[in-house]
There are 2 protein chains.
Amino acid sequence: NISGRVLETFGIKTEGLEGWILQGTKRSKLKYACSYDHEIISDDDYDMNAVSDADLAGVKIDVDVSSGREYTLIKYISYYTSRECTEEELISNALNEVKHGKNDGPDVIFREQKDYLNKFWDDADIIIDGNTALQQGIRFNEFQLLQSVGRSDITNICAKGLTGEGYEGHYFWDSDVYIMPFFLYTVPDIARNFVMFRYNLLDAARKRAKELGYKGALYPWRTIDGPECSAFFPAGTAQYHIDSDIVLSVKKYVEATLDYDFLYKYGAEIVFETARLWLSIGSYIPLRGNKFCINCVTGPDEYTALVDNNAYTNYMAKMNLEYACEIAKDMKNKAPEAYRKVAEKIALTQKEIDAFADAAQNMYLPYSEELSIIPQDDTFIYKKRINADDIPQDEKPILLHRHYLNIYRYQICKQPDVLLLMYLRGELFSKDELKKNYDYYEPITTHDSSLSSSIFSILANDIGYFSKAYRYFMMTSRMDLDDYNGNVKDGIHTACMAGAWSAVISGFGGMKVYSDGLHFTPALPKEWNSLSFKVKYRNCRIYVRIDDKNIIFKLLDGSSLDIYLYDDRISLENGERIIKEVL
Amino acid sequence: NISGRVLETFGIKTEGLEGWILQGTKRSKLKYACSYDHEIISDDDYDMNAVSDADLAGVKIDVDVSSGREYTLIKYISYYTSRECTEEELISNALNEVKHGKNDGPDVIFREQKDYLNKFWDDADIIIDGNTALQQGIRFNEFQLLQSVGRSDITNICAKGLTGEGYEGHYFWDSDVYIMPFFLYTVPDIARNFVMFRYNLLDAARKRAKELGYKGALYPWRTIDGPECSAFFPAGTAQYHIDSDIVLSVKKYVEATLDYDFLYKYGAEIVFETARLWLSIGSYIPLRGNKFCINCVTGPDEYTALVDNNAYTNYMAKMNLEYACEIAKDMKNKAPEAYRKVAEKIALTQKEIDAFADAAQNMYLPYSEELSIIPQDDTFIYKKRINADDIPQDEKPILLHRHYLNIYRYQICKQPDVLLLMYLRGELFSKDELKKNYDYYEPITTHDSSLSSSIFSILANDIGYFSKAYRYFMMTSRMDLDDYNGNVKDGIHTACMAGAWSAVISGFGGMKVYSDGLHFTPALPKEWNSLSFKVKYRNCRIYVRIDDKNIIFKLLDGSSLDIYLYDDRISLENGERIIKEVL
């Protein structure tokens, strides 16, 4: 945890109602300036004195208040950090921002804020008719996500948002995999910040790969501004899958926004450099039929570590490599100049791209004939199975009660990699495959990760385990409002909040986003009267409403969009409202 | 490393030529007293003044020396630590020891020391006729080992002896596996200290097992007085094999000394408690034909970690479990009262012993049909092979140049587990099996561990790779004298020194010690004229001399002993000298 003094003060100025303070972090040497000004609206006299000490800049205002009279204090504050401008500009930028605000005045600022939030709710609101508590929970989550997310491409969203010091404010894969979709389909401008944030970390990721003796780029498991901040590498750096998680986020972003400008200028470089990483850590293994194997990795399930051929990792690496080939091919045709530029910048050759294709095509994809499931990795199914229900409640989460050595040796999952894979890459797996794997992994999953329940809820819906789907959803939707885990004092769970959104939209709403577009297989819980929401996709905005009989689609913005309902294609035209029967 | 101030001073007394100091370590709270006295033999006058400061007790002696006259200063020093007596007794014990010494005087002390060393060399000396440098190297090693080893059952022998701070003075498995045999067959009284040292750590090992959620006892990977001192558990605590290494040491000790008093009172308890550990961490695995598997361990080769069914570990655990059953059966017959006592003390039941037998019988012993070798673990042979010769010299040892993640994913060994197993449990494997495994593992072994070369030397002899055997031996015998690795400034390599002894006795001398006795298959290097040595075994002492034509055995002490030469049994009688032709 962040303990002891972390900030040093480099300068303070106070002058009447105005002032600023310049501080910096001790170790990472980030600096920030905070500037303020005040307006006092009062018919009575008041005294005011600037106050300051070594770490404080402020003003003390004394008013002799009288009953029935009105006193207004308006406070303007701005912050700038050294990640947004040079250190020299910090103070002047902060002062200018306050001046700007004061110029506009509170009415303008309030109106702007209101407009912003109205717009947000118009895009993002979900209406659950039939359960006020859930309705409240979902809105609470969406609001917290909006409050927590960075508004620029050098910040992202922390595991605890801005509400607590848990996880030291670091950014994890949660952002890319769990949280990004919420913004992508509601406020895509913010989603662009997510992928640009990763682009801005690419140099650090290249450096990290080199440090470890690899080619390409390896993103840090946890970081604020680029360097790897995880200490225990088997549950940190070994989670190479973060590279492919980021690539999936880029891919989904581009597919949903058609922002090829981003792809060609920035995204492609991420995809090529991460593809290189896979080629660098994987090998063709003779005793595996010369398949391309990726050994010694940790998957999303941190209850095993340093395993070989983690299914999630191999499937996702394959996607990463294939996407690299696809982009290279497309760019050569459609944006040859942009391709030349990026290829030159990172010295990318056709030979390398052929090697990407070869590794992707020959990727070792684990499958157990004996169990008819995808084994989590090469050794997982040869470990002793522990039924999660047999673990006493006071020994959970087992992470806090057992040594890693007493976890890694069992078939026990914090969250299941294989099922997450089947959610993220749903187009690759049949319902029967999904069911077999779900049935295998569910009993050994502890859900000790708050990321687990939402995925189970969505997949349970897909299989037809409707009551399970609802039960898992109930564990996510009001988690922080009702403080289920008794730890909201440490801050909110942003990924769980976004997971609850996904559970509604992708689970009950049944919306899956594949390369060919939006697919819907809704499954309204019997407890609800109706569910309605809006999503943005390829410069269109659609409205969806599901009740126990019908599903209504309406194209609000955009000229036309093809979507799929139960595998039937529906062509929506602007303003058109289509009603279909729920099957 | 040990940096900063580690000792605190608790008391000092100086009085004329005498004095003492009482100090203790800051963190582990060990205390020790050092006491001294002096005698001055001089015909001239001298001044003497006690000196002391916060950390110093001493005496300053001023003599006006004159040419041609003789001055003698005799210094008596003794140390006692709080591990040998109570803290209250420290000072008086140290003072008494000095008084004793002064009473005896230097002549007696010198004579005792000379007798001790004469006896040692009479038992332990090896004569290599034909290479003076090797002769010197071997004697240097033996002397250093004797200097370094503890003389009580609460101390042992450090990786660097008493010559350096490397490895923080901790005790490792090196003691039990590599160093103990040297003492066992030359100075068995010291070997008894090795096994008693482990017995004295048994409570701490029980505590450690419990901490980790296991039954029985888990010995620390590195320690001074019991607690686990390794920080990185994948290359520390996960090396459970240390339990069986200690048991093998107990077994070899008892077989060589027939010290059943030790076995029944102490050794048995070690063997039962470690057998429990294996039962507790292993499981019967359905997909492995319900064999007893031991998952998530690290073998002796630290270039892979947290693997399943490490061959070395499984074979050694099987030995441990079998030995527990054998001891239980023997004790019930031969020492029922002692058995009752230990069984009661640790609540050992027949049901548990049956479970030991069952696990031993069903132990999963990895074998690769495809490669006709024992795979190091379940995943090792599915990794990419790296030829050790392809690693540039300036990147060795790779441990210091690569991240673990860039080591664990390859078939590359610091030292080979499987070959070590084949050495330690030689009676289980045929020469053909040994050759196949040797040929497989040698090219991928970096010998980054100083423990590696001696084992390769011995096994190369067994296979008939005589020039290799000699080359590997040359890497061990004068390692520190010639400072091969350029790091003797950090201290000697005690295990390597003992390994050189083994390479001579077990390799060129061809002596293997199996449960049924001593086996000889000598292989004198063509570079030598002859090799002779003595070994102690079952209260006998034999002399062995090998030249290019003959091998001579002579029973020096003991009434009779059966030994094996090339599988022929030879019965030696006291004083009898038997000459056989070298095959």
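Is Thr25(A) buried, partly exposed or exposed? I looked this up to open the notebook, and Thr25(A) counts as partly exposed because its relative accessibility is 23%. My scale for this: buried is under 20% relative accessible area, exposed is over 50%, and partly exposed is in between, with a 1.4 Å probe and protein chains only.

**Ground rules**

I am working with a predicted model, where local features need pLDDT of at least 70, side-chain atom pairs count only at pLDDT 80 or more, and totals for chains, interfaces and linings use all residues. Residues are numbered from 1 along each chain as its sequence is written, chains are lettered from A and ligands numbered from 1 in the order in which they are written, and side-chain values use heavy atoms, with hydrogens and water left out.

**Entry: Thr25(A)**

I found Thr25(A) in strand E2 (residues 18-25) of chain A. Helices (H or I, at least four residues) and strands (E, at least two) are DSSP runs here, numbered from the N terminus. Leu7(A) sits 18 residues away from Thr25(A) along the chain, yet their C-alpha atoms are separated by 4.5 Å. Setting aside residues up to four places away in sequence, I see Thr25(A) touching Val6(A), Leu7(A) and Leu30(A). I take contact to mean heavy atoms within 4.5 Å.

**Entry: the two copies**

I laid chain A on chain B and got an RMSD of 0.1 Å, using a turn of 180 degrees and a shift of 0.0 Å along the axis. That is the relation of a two-fold axis. The superposition is by least squares on the C-alpha atoms of residues with pLDDT of at least 70 in both copies. Of the interface residues of chain A, 100% are also interface residues in chain B, so the copies meet through the same surface.

**Entry: H8 and H9 in chain A**

I then turned to helix H8 (residues 311-334) and helix H9 (residues 336-345) of chain A, which pack at an angle of about 130 degrees with their axes 6 Å apart. That makes H8(A) oblique to H9(A). The axes are lines fitted to C-alpha atoms, for helices over the stretch in contact, and the angles run from 0 to 180 degrees between N-to-C directions. Under 35 degrees counts as roughly parallel, over 145 as roughly antiparallel, 65 to 115 as roughly perpendicular, and the rest as oblique.

From H8(A), I listed Ala328(A), Met331(A), Lys332(A), Asn333(A) and Lys334(A), which meet Pro336(A), Ala338(A), Tyr339(A) and Val342(A) in H9(A). The residues of this contact divide into 6 nonpolar, 1 polar and 2 charged.

**Entry: helix lengths in chain B**

Which span should the 24 residues of helix H8 (residues 311-334) of chain B have at 1.5 Å a residue? I get 34 Å, and the end C-alpha atoms are 34 Å apart, which agrees. The expected span is 1.5 Å times one less than the number of residues. H8(B) is mostly covered, with 17 of its 24 residues buried.

Helix H4 (residues 188-200) of chain B agrees too: its 13 residues should span 18 Å, and its end C-alpha atoms are 18 Å apart. Among the buried residues of H4(B), I noted Phe194(B), Phe197(B), Arg198(B) and Tyr199(B).

**Entry: two loop residues in chain B**

Arg425(B) is in the loop between helix H11 (417-424) and helix H12 (431-441) of chain B. Arg425(B) is buried, with a relative accessible area of 8%. Beyond its neighbours within four places in sequence, Arg425(B) is in contact with Leu248(B), Lys251(B), Met316(B) and Met319(B).

Tyr367(B) lies in the loop between helix H10 (350-361) and strand E10 (384-385) of chain B, and at 44% relative accessibility it counts as partly exposed. With neighbours within four places left aside, Tyr367(B) contacts Ser372(B), Ile373(B), Ile374(B) and Pro375(B).

Most residues other than glycine have a negative phi, and most peptide bonds are trans. I flagged Asn309(B), which has a positive phi of about 50 degrees although it is not a glycine. Asn309(B) is buried, with a relative accessible area of 0%. Tyr167(A) has a positive phi of about 60 degrees, and it is partly exposed at 44%.

I also noted that the peptide bond from Lys396(A) to Pro397(A) is cis, with omega near -10 degrees. In chain B, the bond from Lys396(B) to Pro397(B) is cis, with omega near -10 degrees.

Terms used. Nonpolar A, V, L, I, M, F, W, Y, C, P; charged D, E, K, R; others polar.
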